[in-house]
Amino acid sequence: PTPVGRLIAFDYLMRRLMTRLQVIDRAKSKPDPRFVPRAPIVVMGLPRTGTTFLHRLLALDPANRCPETHELLDPLSQRPLHKRVKYWDSKLNLMKRLVPHLEQIHDLGAREAEECLLALSVDVPLLPPTFRHLVRHCVANGTFPSLQRAYALYKRQLEFLAAEKGENKRWALKCPAHLPYVSDLLKEFP
């Protein structure tokens, strides 16, 4: 690990922990039935199989709502939208400068439809690139830890985001991490 890599990982984990505290505190309130997510469309597949393309295609349908990167990174932000987007775009642009080939792997932008790993990391503080190592470890041992609590917090985050916009469209969600956790996902999103 390089000093810059350590700094980025520290910043990411600190932000995830701060977001976790905010989400857990807000989740103590009763769910608002007007904004509790309905059964979402869930895109699942192995990495590099076109799931991002399909997810972003679903985002074009006005009946669907995909979580955007800035929403998943900071779901309870009180900053105005334009300031939030500007802030996260500047952070993402720094990442692109530090890792020039990153966008060949995954388009980055504050207003892009983004995958669920960022929201799940509120409960399981994973860096998206380290997820594959967790899966490899779990496959080798034959056991996967439960992510039901992470999905329960994610469902509440989606409720908070819907309430902020004052609309409850059908969510279109996507993440390779859903594959080994379909049973946990279905417990929260039947």
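In the predicted model, Phe189 has a relative accessibility of 5% and therefore counts as buried, the cut-off for that class being under 20%. The ring of Phe189 forms an aromatic pair with that of Tyr154, with 6.4 Å from centre to centre and 75° between the planes, an arrangement classed as edge-to-face. Because Tyr154 belongs to helix α8 whereas Phe189 lies in the segment after α9, the pair ties together parts that are 35 residues apart in sequence. Tyr154, at 0% relative accessibility, likewise counts as buried.

The structure holds 2 aromatic pairs. In the pair formed by Tyr87 and Trp88, the ring centres are 5.0 Å apart and the planes stand at 80°, so that this pair is edge-to-face. Trp88 counts as buried at 6% relative accessibility, whereas Tyr87, at 23%, counts as partly exposed.

The buried residues of α1 are Tyr12, Arg16, Thr19 and Val23. An α-helix has 3.6 residues a turn, so residues three or four places apart point the same way. The buried residues of α1 pack against α3 (69-73), α6 (117-120) and α8 (148-165).

The sheet is open and consists of 3 strands in the order β1-β3-β2, with parallel pairing. Because β1 (41-43) and β2 (64-65) stand at the edges and each has a single partner strand, one side of each is left without a neighbour in the sheet. Between β1 and strand β3 (residues 170-174), the parallel pairing extends over 3 bridges, and Val43 stands opposite Lys174 in β3. Helix α2 (residues 51-59) lies across β1, β2 and β3 and runs at about 165° to β3, while α8 lies across β2 and β3, at about 135° to β3.

In the loop between β3 and α9 (182-188) lies His178, which counts as buried because its relative accessibility is 0%. Residues up to four places away in sequence being left out, His178 touches Val42, Val43, Met44, Cys116, Leu120, Tyr151 and Leu185.

Note on methods
Residues are numbered from 1 along each chain as its sequence is written. This is a predicted model: local features need pLDDT of at least 70, side-chain atom pairs count only at pLDDT 80 or more; totals for chains, interfaces and linings use all residues. Side-chain values use heavy atoms; hydrogens and water are left out. Buried means under 20% relative accessible area, exposed over 50%, partly exposed in between (1.4 Å probe, protein chains only). Helices (H or I, at least four residues) and strands (E, at least two) are DSSP runs, numbered from the N terminus. Contact means heavy atoms within 4.5 Å. Two strands pair if DSSP finds at least two bridges between them. Axes are lines fitted to C-alpha atoms, for helices over the stretch in contact, and angles run from 0 to 180 degrees between N-to-C directions. Rings of Phe, Tyr and Trp (its six-membered ring) pair if their centres lie within 6.5 Å; planes under 30 degrees apart count as stacked, over 60 as edge-to-face and the rest as tilted.
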